[in-house]
Amino acid sequence: MVEGLVFDIRKFTVHDGPGIRCTIFLKGCPLSCRWCHNPESQAEIPETSTKTVTLDGAIYMEQEVSGKWMTVEEILEEVEKDRVFYDESGGGVTVSGGEPLFQAEFLLNLLKGLKTRDLHVALDTCGYAGWQDLALTMDYIDLYLYDLKLMDDILHLEYTGVSNKPIHENLQRLARSGKKVVVRVPVIPGISDSESNFRSLLAFLEPLRPGVNEINLLPYHSAAENKYKRFGKVNSMKGISSTPREELIVRKKELEGLGYVVKIGG
Amino acid sequence: MTDRIKRLREQSLNAVNRISAERAVLVTEFYATGIDRQLSVPVCRAMAFDYILSRKSICINEGELIAGERGPAPKSCPTYPEICLHTLEDLEILDSRKKVSFKCDDEVRRIYSEKIIPFWTGRSNRDRIMSSLPEEWHNAYKAGFFTEFQEQRAPGHTVLGNKIYRQGLMGMISQIRKEVGSLDFIHDAMAYEKQEELKAMEIAALALIKFAGRYAEELENLAKKETDSERQAELLEMAGICRHVPAHAPRTLHEALQYYWFVHLGVITELNPWDSFNPGRLDQHLFPFYRKGIEDGSLTKESTVELLQSFWIKFNNHPAPPKIGVTALESNTYTDFCLINLGGLKPDGSDGVNELTFILLDVIEEMRLLQPSSMVQISKKNPDNFLQRTLKITKTGFGQPSFFNTDAIIQELVRQGKSLEDARNGGASGCVEAGAFGTEAYILSGYFNLAKVLELTLNNGFDPRTKKQVGIKTGDPELFISFEELMNAFRLQLEYLTAVKIRGNNLIHRIFADNMPVPFLSLFIDDCISNGMDYNAGGSRYNTTYIQGVGLGSITDSLTSIRYHVFEMKTITMQGLLKSLSADFKDFEEFRKELVYHTPKYGNDDDYADDQARMVFRMFFDAVDGKPTSVGGKHRINMLPTTSHVYFGSVIGALPDGRKACKPLSEGISPFQGADHNGPTAVLKSASKIDHLLTGGTLLNQKFAPSFFEGDEAIAKLASLIRAYFRLDGHHIQFNVVTADTLKDAQKHPDKHRDLIVRVAGYSDYFNDLGEDLQDEIIRRTEHEGI
């Protein structure tokens, strides 16, 4: 049985697609975004970190492993537990990461499993994958949550470690396929919240309409600072605070004026 | 909110809770005549009721539209020495305690010391109960296995149906006379008792009509003196209403509300029944009056709201009567558990939500008062906009209304033998208790400490705290070779202790039936009149006595720990475990860390732990359900703690779930505080693994940060969360919407947060009025932050 490396399965996620969802986070990512909220999701191997546990004032250091090899069946069993909530809310399952397409073969098996159980399935992807791998998921995916991080290729390379060319090409092909796609734009202070990035984004999306008509603006938050420390990773975003909400609302209004459906926070 | 309502609301909020000796003086005067020796018990009780109502002071607050106070002023609270007698020390505690105090002036103390205490010492119903109960009961009670509801308050826990909206007391009196006329003194051995009870009911009915007449008279007097012509007209209209109701059936919304209020006052003056009294399905009962008033132009939406708000304030003026002894020290709420029901189904099974339902929700939101409490009944047939409107009130964070599953309640009641129509006319009262409104006496008899049964089992029946053999001998746990053997011993202890409790219940029911009948309350609950039998003697169509299980999360996690560590992983021997418990984990800190952090826990949708919840629940059910009561009813279970999980925790040593000695237990059917780490859906799944339909109510508390309620989409998701839980037959869920930071700030600066209301457990309370340990616990309860 093929196993996939999972770093978390979270219930009652309410920001990753319609309704009440369960989000499966697969571990391993070809990108290394500086603002990554889940630094422990990047490496494609299980990682050990030290966690402190306090009880009655005493402090215990415990080893914690991030990443667990699981079979499709094991994941489905966990997912099935919340079926009544998906049914009532029109929700379902979101596969996220890391980058789920990084484990393309396992992902495909997982998606087949989810689809045979008649679940609504969303794929949260950064789009950096071979078109063939992405295309194979189309039969099983009801909704793509597709990240567009930075429009300028040089900056994209600088801040995420990869070129955005394949990401853009894949989105163009996906949009033409007629699948439902929501574009998610992380609004990172001083990096992607610039006027020029916003203009380029609009120019890029215009020809993809009406296939792509929904945009989520994802505000940066600094909640991951602790995680960087625990995993001994360098947090280059240390001390940076979120873009003010008012600025996000100005962007939202402009996009809505153009006819997009816009949400802040997904 | 009109200026009038603003003033009345302020008056109610600012009124000081105090003890009034008025009722105690009147009831003592009455019994001091010795007349009770010449009369049957029910007739005597009815005459005492008449004596009080004919003499007690009349209170009409400035500007109010609904009149009537139990005491001489708002929040002036009577005592019931015939039920339980306050000592001077009790009065001192009530006066001086920091939380939930009742001011008690020198005059009241003088009256108590000169008249009330000398007369009632050794004669109260409590004295009668305590001296009649067997030693095993006292031992288990003192050890903290159960509490006793009827020790200081009369059985109550009943809710009014729609009777008073169809019939005036004069109509009930004609029915009473017909019943008396058709008594068969030749063949019916109970005919004499029935005659006395019916006579008593008539005296009580007339007493309330006369009482309303006294109000009418005073209103007319005030009208004469009133210089403002608008208020003068109002006072005269109110006087007219008090002359019409309660004698006759109400014709308008105003009459319906005033009638109910007189009945409410009657019930809580006759005795001090638990959960005060409750109009129940208010939107169903009042809708015809509202529609008629709108159609004939006598009402507008605004005037309806003002009347309802005036009605709301009356409830807030009436705190729960203060307790005596230890409970006077610990009891920590003014709430008298009157729970207004909205929504649900009509008796024909169709959707009951109407225009007035939404108006009442507006009233609840705007009044923001502690009392009355409110809930919505959600059936699969009720519309989503009703559920979502309610969630928007919940979002404002004062813990009301709570959410109940109508379809589950109906199935629970039908399983217990109620007709489908009676079940559909029912709902929930008190905290979460299911009942058939207007036809059922459902008596809560006491909380039952499930977790302590394990402590007893692990000590072979010996209670380490009171140093007594309270239970039976079920064997030395160190010799148990399997988890099944332990569970078997646990079951035997549980059966023994529930039997002790049931035996006590049956004795107490008879004491109330024989000595403390309630002919006035009996008028309103079918079929007491046609049975010629008192509410406290089993006269209602349905009679149920509940024992409320407490600590499901704690007992589940404790049993799971033993199964996991002792019998399966064998990380510790039974001997080692027992040693760690008796040391309260001193020198076993690492082991305790394993228990707390690395052992399966209830509340995570993990069958390994939840199987123990199923098992304990089933054992408790089997030990109690269906056992007869001494007034012709049946014993049933429900699962709710109010605040008893704090007390029950204080009498238990360390438990195998890692909880240290004397700390609170888990509350309701919620997971132990902090034991759930998979989010709310997992909690709901675990909680639904017990069969709620076998209970008469379960209580599940979920705390959410306000961010969960931002936007219509979020509200819709929470609505689905509730619908899903109810699809799994969940009985009830409530939300605490407040951040931990706010609560911590309130602890530090109580003055800044005087109006902070939180959901405690089945009810809401002012955060400032809670004991510090309960405050801490509410802060600790898992906050499910957005993901």
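Q: Where is the place of B:Phe337 in chain B?
A: B:Phe337 is in the loop between α15 (325–330) and β3 (339–343) of chain B, where helices are DSSP runs of H or I with at least four residues and strands are runs of E with at least two, both numbered from the N terminus. This is a predicted model, in which local features need pLDDT of at least 70 and side-chain atom pairs count only at pLDDT 80 or more, while totals for chains, interfaces and linings use all residues. Residues are numbered from 1 along each chain as its sequence is written, chains are lettered from A and ligands numbered from 1 in the order in which they are written, and side-chain values use heavy atoms, with hydrogens and water left out.

Q: What makes B:Asp584 count as it does, at its relative accessibility?
A: The relative accessibility of B:Asp584 is 26%, so this residue counts as partly exposed. B:Asp584 lies in the loop between α25 (574–582) and α26 (589–597) of chain B, and its phi, near 50°, is a positive value in a residue other than glycine.

Q: How many residues of chain A and of chain B are in contact?
A: Contact means heavy atoms within 4.5 Å, and by that rule 24 residues of chain A are in contact with 26 residues of chain B.

Q: Why is an area used for the size of an interface?
A: The size is often given as the accessible area lost when the parts come together. Buried area is that loss, found with a 1.4 Å probe and summed over both parts, and for chain A and chain B it is about 2,400 Å², 60% of it on carbon and sulfur atoms.

Q: What makes the pair of A:Asp56 and B:Arg592 a salt bridge?
A: A salt bridge needs a side-chain nitrogen of Lys or Arg within 4 Å of a carboxyl oxygen of Asp or Glu. The closest N and O atoms of A:Asp56 and B:Arg592 are 2.4 Å apart, so the pair forms a salt bridge. Across the interface of chain A and chain B, the rule finds 6 salt bridges.

Terms used. Buried < 20%, exposed > 50% of the residue type's maximum accessible area, 1.4 Å probe, protein only. Buried area = accessible area lost by both parts, 1.4 Å probe.
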